[in-house]
Amino acid sequence: MKKTAPEQNKALVLEALDTLFIKRDYAAVERLWSDRYIQHSAHIAPGRAGLFDLSRTVPVTLRYDNQLIVADGDYVIAHGRFSSNGRPAAWIAADIVRLQDGKLAEHWDVLQDEAAQAQSASGLPMFGDRFPA
């Protein structure tokens, strides 16, 4: 059975995140990101070179877990956790990606340090159903 376009787009974004940040397969990532890639994140240098350079600097222990991913046309939003990132707390991220011609063409993100239970005014975890250990 053929996947729908939204399912294909979601799968492509998850594959791209895994290939870049976990597998670090730079030959494969070049086929996933447009050579005209636009980076809107304030902490990443412009273009795909800036993104690829960033991935080379994060700890090899980095882990990405996705909790929710939605697609609407050429846009995908992935809600996930970047843990073992060399920082005191994991990052909870909402990554917004625009796809074009089967490649990641543009990216925005919203990042926040993951709150421990004592820091949560709502009493609820930011990711999943449990607070980080």
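I begin with helix α3, in which six residues are of interest: Gly47, Arg48, Gly50, Leu51, Phe52 and Ser55 are buried in this helix. Please bear in mind that what you see is a predicted model. Against which elements do the buried residues of α3 pack? Their partners are α1, α2, which covers residues 26-32, and the strand β1.

Ala49 also belongs to helix α3.

Let me now turn to the chain as a whole. It contains three helices and five strands. In sequence order, these elements give the pattern α-α-β-α-β-β-β-β. The C-alpha trace spans about 45 × 35 × 25 Å along its principal axes. How does the radius of gyration of the chain agree with that of a compact globule? A compact globule of 133 residues would have a value near 14 Å, and the chain has 15 Å, so the two agree.

Of the 133 residues, 41% are buried. As for contacts, take those between residues at least 6 apart in sequence: 41% of them join residues at least 24 apart. The accessible surface of the chain amounts to about 7,900 Å², and carbon and sulfur atoms account for 53% of that area.

My last topic is the largest pocket. It holds about 350 Å³ of space. Its lining is made up of 22 residues, and those nearest the centre are Phe21, His43, Leu54, Phe82 and Trp91. Which elements give two or more residues to this lining? They are α1 (5-23), β1 (33-39), α3 (47-57), β4 (91-100) and β5 (103-113). The largest share, four residues, is provided by β5. Sorted by class, the lining has 15 nonpolar residues, four polar ones and three charged ones.

To close, I return to helix α3. This helix has buried residues that pack against α1, α2 and β1, and α3 is also among the elements that give two or more residues to the lining of the largest pocket. Thank you for your attention.

Methods:
Residues numbered from 1 in each chain as written. Predicted model: local features only at pLDDT ≥ 70, side-chain atom pairs only at ≥ 80, totals over all residues. Heavy atoms only, no water. 1 Å grid on protein atoms, 1.4 Å probe; cavity = no way out; pocket = protein on both sides within 12 Å on 5 of 7 lines; lining within 4 Å. Points joined across faces, edges and corners; volume = space filled by probe spheres on them. Nonpolar A, V, L, I, M, F, W, Y, C, P; charged D, E, K, R; others polar. Rg over C-alpha atoms; globule rule 2.2 N^0.38 Å. Buried < 20%, exposed > 50% of the residue type's maximum accessible area, 1.4 Å probe, protein only. Contact = heavy atoms within 4.5 Å. Areas by Shrake-Rupley, 256 points an atom, 1.4 Å probe, with all protein chains shown as cover.
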